[in-house]
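Here are my notes for someone opening this one up for a first look. I'll start with the ligand and then move on to the charged pairs.

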Amino acid sequence: MGVAENLEKIVSRLPMGVSLVAVSKFHSDELIMEAYNHGHRQFGENRVQELVGKYERLPKDIEWSMIGHLQRNKVKYIAPFISMIQSVDSLELLEDINRYAERSGRVIDCLLQFHVAEEDTKYGFLPDCADTLFDKLDLSTLKNIRIRGVMGMATNRDDEGRVRSDFRNLREIFERLRERYFSDSESFNTLSMGMSGDYEIAIEEGSTMIRVGSLIFGERVY
Ligand SMILES: *Cc1c(COP(=O)(O)O)cnc(C)c1O
């Protein structure tokens, strides 16, 4: 099966209100163009250097998401073009994104990454901090970022119960943040969760954005 067929299979079954980020990390420009020529525009990458290279070589109407850990000293390379940074895992990073977005004359959409999975290698805010995260930061001073919601990953296991409860946890965090800090913001509306192995469960648990790589492009070769 080709990229276009794989993509179509997923897209044709997506419920209304759920979007798909095609995760193209480690995959070639050619494969990305197969998806692009099929009409897809949202792509996700997790390494700055690869992302910048692909941005420079590929059509400029692609909407790129950064989904991997972002070092503060690398924000400047992606700020001029990135559509969404889904992996915001500290307030310092958020402030840096705001600063470089301002220099580029842009407003950058951000998601707050939360860590709910068992694995301790994954980045993100801890669930506990959802209720106090912005108590000490005046968000209205950050005019060049727009916080759109929450991103997270479930535990990487063949245990559907665990995966489902991780997604529920993410949804609760999303709703708590919305109530506490974004109750009058219509743009806080994105819950990015679900990957190749678990996106159907994620959608059942309220995902509005899935990030799928291998099911579309095949296995990654590192
Ligand atoms: C790689 C990656 C994905 C996609 O993973 P697949 O299993 O290939 O669908 C989704 N989200 C993040 C944060 C990733 O790093």
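1. The shell around the ligand splits into five nonpolar, three polar and three charged residues. Here Ala, Val, Leu, Ile, Met, Phe, Trp, Tyr, Cys and Pro count as nonpolar, Asp, Glu, Lys and Arg as charged, and the others, Gly among them, as polar. Among the surrounding residues are Val-23, Lys-25, Met-153 and Arg-220, where a residue is taken as near if one of its heavy atoms lies within 4 Å.

2. A word on the basis: this is a predicted model, with local features needing pLDDT of at least 70, side-chain atom pairs pLDDT 80 or more, and totals for chains, interfaces and linings using all residues. Residues are numbered from 1 along each chain as its sequence is written, and side-chain values use heavy atoms, leaving out hydrogens and water.

3. What sits by the ligand's oxygen atoms? A side-chain N or O atom of Ser-196 is 2.5 Å from one, and a backbone N or O atom of Gly-213 is 2.8 Å from one.

4. Now the charges: the whole structure has 20 salt bridges (a side-chain nitrogen of Lys or Arg within 4 Å of a carboxyl oxygen of Asp or Glu). Arg-148 pairs with Asp-109, closest N and O atoms 3.0 Å apart. Arg-148 is in strand S6 (residues 145-153) and Asp-109 in strand S5 (residues 108-115), so the pair ties together parts 39 residues apart in sequence. Strands are DSSP runs (E, at least two residues), numbered from the N terminus. Both residues, Arg-148 and Asp-109, are buried, meaning under 20% relative accessible area (1.4 Å probe, protein chains only).

5. Finally, a salt-bridge network links Glu-118, Arg-157, Asp-159, Arg-162 and Asp-166.

Definitions and conventions:
A polar contact is a pair of N or O atoms within 3.5 Å; within protein, one must be able to donate a hydrogen and the other to accept it, and residues adjacent in sequence count only if both atoms are side-chain atoms. Helices (H or I, at least four residues) and strands (E, at least two) are DSSP runs, numbered from the N terminus. Buried means under 20% relative accessible area, exposed over 50%, partly exposed in between (1.4 Å probe, protein chains only).
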